[in-house]
Amino acid sequence: MFFALVKIGYAAGEIEKRRWTPESIQQRLKGRVVDDSGQAISGVTISAKDGRSLGVTNQEGIFEVVGVNMGDTLSFSYIGYVPNEIIVSNFETLQVVMTTQQGNIDEVVVVGYGTQRRSEMTGSISSVKSSDLEKVAAPSFTSAIQGKVPGVTISQTTGAPGGASSVRIRGVGTTGGNQPLYVIDGFPVGGSNIAINGSTDNIDGMSIVNPNDIESIEILKDAAAASIYGARAANGVILITTKRGKEGVTSADLHAYTGFQNLWRQPKFLDAEQFTTLANELYQNSNMATNPEWENPSSFGQGTNWMDEVFRTAPMYNVDLSLTGGNQIIRNALSLGYRDQQGTLMETWNKRYTGRANVDLTATDRLNFGGSLAFSYIQGKGQRNEDFRLGIFNLAQQFYPTLGREDVVSGSSAFYSTQGDNPYLRAKSMENYLNNLRLYGNAFGEFEIMEGLKFKSSIGLDFISNRGTAWQPKVQRGFYTNPQAVLSERQDQGLNWLIENTLSYNKTFDRHNLSLIVGQTAQKNTNDWISITAREFQNETIRVINTSSESERRGTGTGSMYTLASYLGRANYSFDNKYLFSASIRRDGSSNFGPSYKWGNFPSVSAGWNISEESFFNADGAINSLKVRASWGQLGNDAIGAFGYSSTFGLGRVADNYILGPDQRLITGAGMIRPGNSDLKWETSEQWNFGIDATFMNGEGYLTAEYYVKDTRDMLVSLPVSLEAGFESAPSVNGGRIRNSGFELLVGYGGGNEFQYDVSVNLSTLKNEVLSLGAGNPISGPVVGFTSMNSSYTEVGLPIGYFRGYVVEGIYQSDEEIDKTFQPNASAGDFKFKDVNGDNVLSDEDRVMLGSPWPTLTYGMNIDLSYKNFDLNLMLQGVSGNDIFHVNKFSTYPIKYFGGSGVINASADVLDRWTPENGGNTVPILKYTDLNGNYANLSSFYIEDGSYLRLRNFTLGYTLPQGLFENTNMLKRLRVYTSIQNLFTFTKYSGFDPEIGDTNPLASGVDNGVYPMPRTYMFGVKVGF
Amino acid sequence: MIMKYIHNTFLFFATLLCLACSDDFLSLSPKDTLIEDEFFLNISDAEAALTGVYATLQKEEAFSNVRDAADIEWAISGDMYEMDGSANRIELHSLTLPSTNTILRDVYSAAYQGISRANVVVAKVVEMEEGDEETKNQIIAQAKFIRALFYYRLVTYFGGVPLITEPLDANSDLQIPRATTEAVWQQIENDLNEAKDVLPATWTGNDVGRVTSGACKALLNKAYLWQEKFDDVIAISESLFEEEVYTLLPDYRSIFMEENENNAEILFSTQFREGVDAEGNNLVKRTAPRGAPAEFTGGAAWSNFVPQQHWVDAHETDGSGRIIDKRYWAAIIGPGEHHQDMSAFVMPDNVPAGWSHSGYIMTKYWQKPTLNNSGVNAPVIRFAEIVLNYAEALNERDRTEEAINQVNKIRDRAGLADLPLTLSKTETLDAIFKERRMEFIWEPTGGFSDLNRRGRFLDFIEAERPNFPSLNVNQKPWLQTQPILFPIPRDAWDRNKALEQNPHYTF
């Protein structure tokens, strides 16, 4: 939210005065104008009392005026800032601090390779400032900005502690890599999620950044803003700028919070009596013997509620300490953070240690150095899900309410699934740990060759070490056996370096303002891993590879590399702050492409017009400021596996090797992994953007509206190839074209004195359409494990990855109703599918679009109120127009175990099943064999409305009155707050949580039993020393 | 001083700039895979690629005797009971056969993965400059056998399928229509005829387990038999007999034993090794009784398929009702019976339903406790089948007495009385099919496909499958074709719209 409230505690128009001498002589006066965050403001007009213009500040905020007399009044004015007057009292260098007006549209915004004032911007960039982040005590910044930025859709992919989320900027333009590029303090880093060895819970890759360290987050949405990042910018760019030390400001801040989380909702499952009743009914319907143990359902009563056994109220703690300080020569910021979060699901947790040191050094007038070094160490424990099976959460939905917490299944396999396990005992026995160390930082030097011309060089390093340990003891729990204890240790190591050299030139002459930058960068990533799996342990309390049976150890390992070389350039020109022009180009070469297509060019042009700067515009009218802007540009995507241009052969993999000879010798073999495509090239996304920025009602109201069209051409895709081709992996091709278009609006109103308020609403629409798939056939998304249902379908004219299947028209109430040529295997109580094309054959042509995972509208509402020392934040967020493929019903509806013999527990919704006596039109008859394919076919039965509205954050804070601390020098500020996240959610969705993120656009909105999102209650304190 | 410093700084950064301007920086080689330019340079590359072709046999969907032998052949014919009732298996043995069936899809797709690798070897090894011709020809011949083996599978299950014999790449047209059944058979015959003349009758040392000329002749024999080219069956059988390499082992159980692998009865088997390195198979897990003590099973035991009572009842018995067929005693255990190799393991008198629904367990593959993957080889073609194929061809050419003599070789080994030489041609054919049924349980032959080949399937299940009435055969028009074909998998059609579906099925 760039229209920030005036920060509490900053005095307006503060002037720093240095050595006052009462001489009255006309002299030359130099100085520098900065904003309240220490950023230089250029273009500030300095005028004398009589209105005579004396000069403007340059790009560095520096001004020099002549003919000034001691005692003269100088006024400083600039759009969006409170005008400032000072009386000349000496001729030392002046430092003038200007504060922002309410609804300021002219803060400094970090852009690629530089900064810019918002009034000068022609691209589409949304900013989130630290003051906004502070209001949501979220464990990662991705969840803190969820719902705040129009055009950015963030969904948590798991409720696991530290869990990953998917971040999508302006829709999905590709079937391939679709995560944005993350740039921390100018250094592009990998943001991929971190896997816990042995677990399916992924950790957010960007949780390496402590939100407390972040000064601002900028989201580059359109091509004008992002094309300077060329080949990796097609999915948008997120710039993270960390807090740095400031001259003259020394502070120590401690932020601590504690809280707990639990499930915000728990759909009902059958209790023991209901389960046994329905199981008996199922066997009777199938003319099979019923289980004698379940003869008397009422004797079981409620039984065990397995959800209660495996979910819990989970505590969390967080402590952050930050120190900043500095003088003219050296400025530092140092921070340390610790967070400990237990998961709502038993035996899951996450701990994070972070540290950061930022240093800036002014060596001479012309030479600056700076750098930062940060680390994060993440430890975690996760659980594993295997496609409806054997995951703790899945098992809790499926396991028998008739059994007690420590009971195992060993009954007849005619009635019990032999492939399940007791979720409670299983969770206790599995140990999957993560130890992830990330060490990253950069150092730069900047030299001013002549006035306005600067050379900057920086080097960045990012080191990753990831150790995963997965342990499962030797165990026999009823049918479940693990005949040998298994220990798997995996070590990943990666190094990513970057060298960057830029030459920039800024010049302000008269009313012309010009800034140029050219540069060169080179980046290289290397990754290697080894993994050892060992079995059979002498003593299972000692779990190291060394104590395993020597003959039962197996090792694997490999590595990969990636290089990128780039040239970049950008020119910004503005005239009189009215007419703004910008053009940029980046030329990128990537190792992912073959010799003929290594390099790609990514240009952009944009223009803006500050209408309110025109003399005909009356800034005191209804509208106070108004700007229109437009941009066009191209962005690239090279997120595709390496070496797609050449056929690759695997050597010595299991699928390649064979056994020969009487001694059963292992013969190393080779096999083609993927055929090469020598024509492989960049995916290009071409984007148009039109925007309006305005303030109104005396600057208290503000509005930004944008419309964009984003076309992805030459989409990099592994098109499904004919099974007959026999390729192990599909070749990468450039096929297809996808259009995302939408309208984004942010409108707000803020003001007040004692009672301050800022209310804003943002909304964005999205229309996603596949315009072409090259020569290829429609793409079926991955098959959901254990089923034959494809998670999605992608074809021309419809949104990417939509849901496709039969339409259920109801349930056949009697055998007579059934047309046996249409549904030969149906009987009374089965789904009646719709004959869409009317040919009386149930075939592929009867499969239609049933829904889309993409919200057509996402919206958020942010309310900040403060009265005296109280502050309140409410953050609502919602989506609508999207659907969810609730494939979890495949295991939670039929009662019959989907993967083998016996029955399992089911959702309480199954109580509405069809019976000959009572009929019913929602849930089919309970049967042991589903010959009609009621559950095997993807149909409208599985598709549900995924819209929701959620109160994502509620925070109430109280800052102790300043007066209390007057007698102490130590304490500067003390704020206490309480916060609740996910307090309530409105949704029609019947599953655990409608917020389902997935990193694969062809498997989005598919709920196959996702670790549900928690509700979080927190209490925190923030102390400034 | 400062100027020198600046000068040096610039020199340093100029060097860095050059790092990026070079294309060398952007031209990497993979660390873990070979790229095309670096492969197929010498014989050892060709051998490795051939090994990769063999490796495709090991999948459960290929020639590991699971998807084919158990799920398709013996569960559809109904002599084995599928214990799990998972949807994809029910679709097969209940004969609903939707085109979405995952087992059929996986079998189809696994066959083409093998064919694809074989095509690469056939095409690339010819082009190789290095290496002596004989070795190269032998490599190509082995690849051709495996290609023919997969096409045999496809043509017998699906009819005429897309016939691909050249390597494909990303730029190939992959909308490939189906070829005729005849064209596929022709390709199979061509490949095998070429291969049989190039390959040795036996391999020695570490090459044992590779394709021999005998294996080529045996598969050719099967191909001729399916096409009812009975004279060719007789000729190729006799050519195989003349090699005097293969014979019937006197002891039935010893054919399958892990310590007796690649014996004289095995014309071709998929090779496996026990252990955790995934070069083994799941045959022990899938046969050993679920829930039985781990000291005998090794741990994971699923008894996915068990012999049905009606199959057991089909064995010949003595006056007291005791089964006299040695094959039963060598490969099956029923209530109260001892395991053949682990005598301490006795089936309970009341076998728990989880162990076996029918009370019987097959022990051809479960020979000892197996912790992980088992190393027992999966027999694909064995000499007993050639003997019975030969008998069938002789009988069709009205050499019924000679045919009965061949059948009696199989019966002798099983400890059964000789059939009288006076049997009619029809009776002899019935006797041959009866022997196939008793001889090959849970092997890739003797079940559905054999019956289907001669149009005997529906009669057989009507007579033998107790649940025949509930199968509603009359409402399943796809069972009324001759031969019965499986549906072309919908996934295949999703990606290749040039495919046409077999009659009576939909996508």
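**Chains A and B, a few features**

Tutor: S47(A) stands opposite S75(A) in β6(A). Keep in mind that this is a predicted model.

Student: Which strand pairs with β6 of chain A over four bridges?

Tutor: Strand β3 (residues 45-48) of chain A pairs with β6 (residues 73-77) over four bridges, in the antiparallel sense.

Student: What is the strand order of the open sheet?

Tutor: The order is β4-β3-β6-β7 in chain A, four strands with antiparallel pairing. From one strand to the next, the twist averages 25 degrees.

Student: What holds strands of a sheet together in pairs?

Tutor: Backbone hydrogen bonds, in general, whether the strands are parallel or antiparallel.

Student: Switching to helices. How many residues has α4 of chain A?

Tutor: Helix α4(A) has 14 residues, 272-285. From first C-alpha to last it reaches 20 Å, close to the 20 Å expected at 1.5 Å a residue.

Student: Which residues in α4(A) are buried?

Tutor: Among them are F275(A), L278(A), L282(A) and Y283(A). A272(A), Q274(A), T276(A) and A279(A) are buried as well.

Student: And what follows α4(A)?

Tutor: N287(A) does, with a positive phi near 55 degrees.

Student: Now the other chain. How many residues of chain B are in contact with chain A?

Tutor: 85 residues of chain B, and they meet 88 residues of chain A. α5(B) gives the most to that side of chain B, with nine residues.

Student: How do the residues on that side of chain B divide into nonpolar, polar and charged?

Tutor: There are 41 nonpolar, 26 polar and 18 charged.

Conventions: Residues numbered from 1 in each chain as written. Chains lettered and ligands numbered in written order. Predicted model: local features only at pLDDT ≥ 70, side-chain atom pairs only at ≥ 80, totals over all residues. Contact = placed C-beta atoms within 7 Å. Helix = DSSP H or I, 4+ residues; strand = E, 2+ residues; numbered from the N terminus. Nonpolar A, V, L, I, M, F, W, Y, C, P; charged D, E, K, R; others polar. Expected span 1.5 Å × (residues − 1). Buried ≥ 20, exposed ≤ 12 C-beta atoms within 10 Å, placed from the backbone. Pairing = 2+ DSSP bridges. Axes fitted to C-alpha atoms, helices over the stretch in contact; angles between N-to-C directions.
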